[in-house]
Amino acid sequence: MRFRKASEIEIKSKDLLKEVSKCKPEELEGLLRQIETKIEQSESREGDLLMAKTMITSRMASMRNKNV
């Protein structure tokens, strides 16, 4: 899976949305941290990064609601 190589290879923002949709639930938090770091380092607001962050947080909230 490409997420495991993410520390070596930066995920391109266009491929990021595909990666989020394919990501396993256990890997969501790590991917979220990576995206937040990219957002902080980015000088401009990239819509793909913000959309990916929204998708991950929504999936995490949905999973937590199912477990309650």
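Start with the contacts of the whole protein chain, where contact means heavy atoms within 4.5 Å. Of those with a separation of 6 or more, 56% join residues 24 or more positions apart. This is a predicted model, in which local features need pLDDT of at least 70 and side-chain atom pairs count only at pLDDT 80 or more, while totals for chains, interfaces and linings use all residues. Residues are numbered from 1 along each chain as its sequence is written, and side-chain values use heavy atoms, with hydrogens and water left out.

Colour by secondary structure. The protein chain has 3 helices and 0 strands, in the order α-α-α. Helices (H or I, at least four residues) and strands (E, at least two) are DSSP runs, numbered from the N terminus.

Now colour by accessibility. Buried means under 20% relative accessible area, exposed over 50%, and partly exposed in between, with a 1.4 Å probe and protein chains only. Of the 68 residues, 26% count as buried.

**Stop 1: helix α3**

Select residues 47–67. These 21 residues should span 30 Å at 1.5 Å a residue, and the end C-alpha atoms of α3 are 31 Å apart, which agrees. The expected span is 1.5 Å times one less than the number of residues.

Show L49, A52, I56 and M60, the buried residues of α3. Look down the axis: the buried residues of α3 fall within an arc of 65°, so they line one face of the helix. That arc is taken over the directions from the helix axis to the C-beta atoms. On the other side of α3, find N65 and K66, which are exposed.

**Stop 2**

Which residues make the contact? From α2, select L28, E29, L31, L32, I35, E36, K38 and I39. From α3, select L49, L50, A52, K53, I56, T57, R59, M60 and M63.

**Stop 3: L28**

Zoom in on L28, in helix α2. Is L28 buried or exposed? At 0% relative accessibility, L28 counts as buried. Leaving aside neighbours within four places in sequence, L28 is in contact with C23, I56, R59, M60 and M63. Finish with a distance: the C-alpha atoms of L28 and K53, 25 residues apart along the chain, are separated by 10.0 Å.
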